[in-house]
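Trainee: Please take one part of this model and go through it closely, contact by contact. I would like the cut-offs stated along the way.

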Amino acid sequence: MSKGNTFENDILLLIFNATTINDLAENDTTTPATSLTVALHTADPGEAGTQLTSETAYTGYARQTVARTSSGWTVTTNSVSPVANIDFPECTASPGGAITFFSVGTGVSNKLLYSGTVTPNITMAVGVIPRLKTTSTITED
C-alpha cells in the first residue's frame, strides 16, 4: 500500500523542516530536535541498521549536523536535499573504504531515519574532504 503524494511531501516537511501536518501531527513543542545528524557509510546500513552500521571510521571523521529548517533542507516533490553542500572533516590518516552511502538521523541513540547512496562514490585517501552535494537526495515514495 502506498501513501498519497501530498502526504509523502508532508512527512518530509515534518521531519526535515519541522512543519506541522494540519489536523494530524505537529513538531514537538517542548524539546524539539533543532538539527539532524548526517553520517557517512562504507556500505548500506539497511532498514534494520543504525547510524553506526557500516559507518566510516577514517581518521578525522565526524558526523555533521544540519538545521532542521528550510534553511537546512529543501523539500519538494516528495524529495529532500541539503540546501548547501555538507562537508565532512578532511581525512588525515587511515582512509578506510570508499564512502558509498549516507544517512540522516536524530543524533539520539544513533537512530537512522533515512539513508541513500552517494553517487559517485567517494574514494577515500589522505587529504580528501568528503562532500555531500545539494544534489544528494532522499525520496519518500
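Mentor: Leaving aside neighbours within four places in sequence, N9 is in contact with V75, T76, T77, N78 and S79 (contact means heavy atoms within 4.5 Å). The model is predicted, and local features need pLDDT of at least 70, side-chain atom pairs count only at pLDDT 80 or more, and totals for chains, interfaces and linings use all residues. Residues are numbered from 1 along each chain as its sequence is written, and side-chain values use heavy atoms, with hydrogens and water left out.

N9 lies in helix 1, residues 5-17; helices (H or I, at least four residues) and strands (E, at least two) are DSSP runs, numbered from the N terminus. With a relative accessible area of 18%, N9 is buried (buried is under 20%, exposed over 50%, partly exposed in between, with a 1.4 Å probe and protein chains only). The side chain of N9 reaches the backbone nitrogen of T77 at 3.4 Å.

T77 belongs to the hairpin of strand 3 and strand 4, where two residues separate the strands, and takes a positive phi near 45°. Strand 3 and strand 4 (residues 79-82) pair in the antiparallel sense over four bridges; strands pair if DSSP finds at least two bridges between them. Within this pairing, W73 stands opposite P82, and T74 stands opposite S81.

These strands belong to an open sheet of three, in the order 3-4-9 with antiparallel pairing. Strand 3 (73-76) and strand 9 (138-139) are at the edges with a single partner strand each, so one side of each has no neighbour in the sheet. Helix 1 packs on this sheet, touching strand 3, strand 4 and strand 9, and its direction makes about 170° with that of strand 3. Such angles run from 0 to 180 degrees between N-to-C directions, and axes are lines fitted to C-alpha atoms, for helices over the stretch in contact.

On its other pairing, strand 4 is joined to strand 9 by two bridges, again antiparallel, and V80 has I138 as its bridge partner in strand 9. In a regular strand, side chains alternate between the two faces of the sheet. Both faces of strand 4 are covered: S79 and S81 on one side, and V80 and P82 on the other, are all buried.

Terms used
Polar contact = N/O pair within 3.5 Å; in protein donor to acceptor, adjacent residues only side chain to side chain.
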